[in-house]
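Here is a short briefing to read alongside the sequence and the model. Please keep both open while you go through the points below.

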Amino acid sequence: QVQLVESGGGLVQPGGSLTLSCAASGNILSLVAMGWHRQAPGKQRDMVATTNRGGAIEYADSVKGRFTISGDYTTKTVYLQMNDLKPDDTAVYFCNVYAYTGPGKWDSYWGRGTQVTVSS
């Protein structure tokens, strides 16, 4: 079993900042990639930012220059620093990891999500 625990969501005014964190635990032999996705009401879940063990990082165009992802593969924790937040950033943010848990076992795991609301 793999568990992901997210924290750091909340209510913030436009232009404000929040930092999300996600800690992975359980039967993880190796993490291959970590990332954040978000889902606004009535919309599909979209990628926000991802990082892999090789150091590659990808951002959605809508957050480039405002969000920064960082992953610690030793502590199995991924962070999302969000600056200059806009109302359109309002969504439930989900942590996602791709992990190796045993011989031939590679799988994607999701957290339960943390709400981020940007409003004045």
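Is Arg-66 buried or exposed? Arg-66 is buried, with a relative accessible area of 10%, where buried means under 20%, exposed over 50% and partly exposed in between, using a 1.4 Å probe and protein chains only. A word on the ground rules: this is a predicted model, in which local features need pLDDT of at least 70 and side-chain atom pairs count only at pLDDT 80 or more, while totals for chains, interfaces and linings use all residues. Residues are numbered from 1 along each chain as its sequence is written, and side-chain values use heavy atoms, with hydrogens and water left out.

**Arg-66 and its surroundings**

- Arg-66 is found in the loop between strand S6 (57–59) and strand S7 (67–72); strands are DSSP runs of E with at least two residues, numbered from the N terminus.
- The side chain of Arg-66 reaches the backbone oxygen of Asp-84 at 2.9 Å, and a polar atom of that side chain lies 2.8 Å from the backbone oxygen of Ser-62.
- Both are polar contacts, meaning pairs of N or O atoms within 3.5 Å; within protein, one atom must be able to donate a hydrogen and the other to accept it, and residues adjacent in sequence count only if both atoms are side-chain atoms.
- Leaving aside residues up to four places away in sequence, Arg-66 touches Gln-81, Met-82, Asn-83, Asp-84, Leu-85, Lys-86 and Asp-89, with contact taken as heavy atoms within 4.5 Å.

**Aromatic rings and a charge**

- The model has one aromatic pair, counted when the rings of Phe, Tyr or Trp (its six-membered ring) have centres within 6.5 Å; planes under 30 degrees apart are stacked, over 60 edge-to-face and the rest tilted.
- The ring centres of Tyr-100 and Trp-106 are 4.5 Å apart and their planes lie at 35°, so the pair is tilted.
- Tyr-100 is partly exposed at 23% relative accessible area, and Trp-106 is partly exposed at 46%.
- Trp-106 belongs to strand S10 (residues 105–110) and touches Val-32, Tyr-98, Ala-99 and Tyr-100, not counting residues up to four places away in sequence.
- The C-alpha atoms of Trp-106 and Ser-30 are separated by 9.5 Å, with the two residues 76 apart along the chain.
- The charged end of Arg-45 sits over the ring of Phe-94, 3.6 Å from its centre, and also over the ring of Trp-110, 4.7 Å from its centre; the rule asks for NZ of Lys or CZ of Arg within 6 Å of the ring centre and within 35 degrees of the ring normal.

**The four-stranded sheet**

- Four strands form an open, antiparallel sheet in the order S1-S3-S8-S7, where two strands pair if DSSP finds at least two bridges between them.
- At the edges are strand S1 (2–7) and S7, each of which pairs on one side only.
- Strand S3 (residues 18–26) and strand S8 (residues 77–82) run antiparallel and are joined by six bridges, with Thr-19 opposite Gln-81 in S8.

**Strand S11 and its partners**

- Strand S11 (residues 114–118) has a covered face of Thr-114, Val-116 and Val-118, and an uncovered one of Gln-115 and Thr-117.
- Strand S2 (residues 10–12) runs parallel to S11, and three bridges join them; Leu-11 stands opposite Thr-117.
- Strand S9 (residues 91–102) runs antiparallel to S11, again with three bridges, and Ala-91 stands opposite Val-116.
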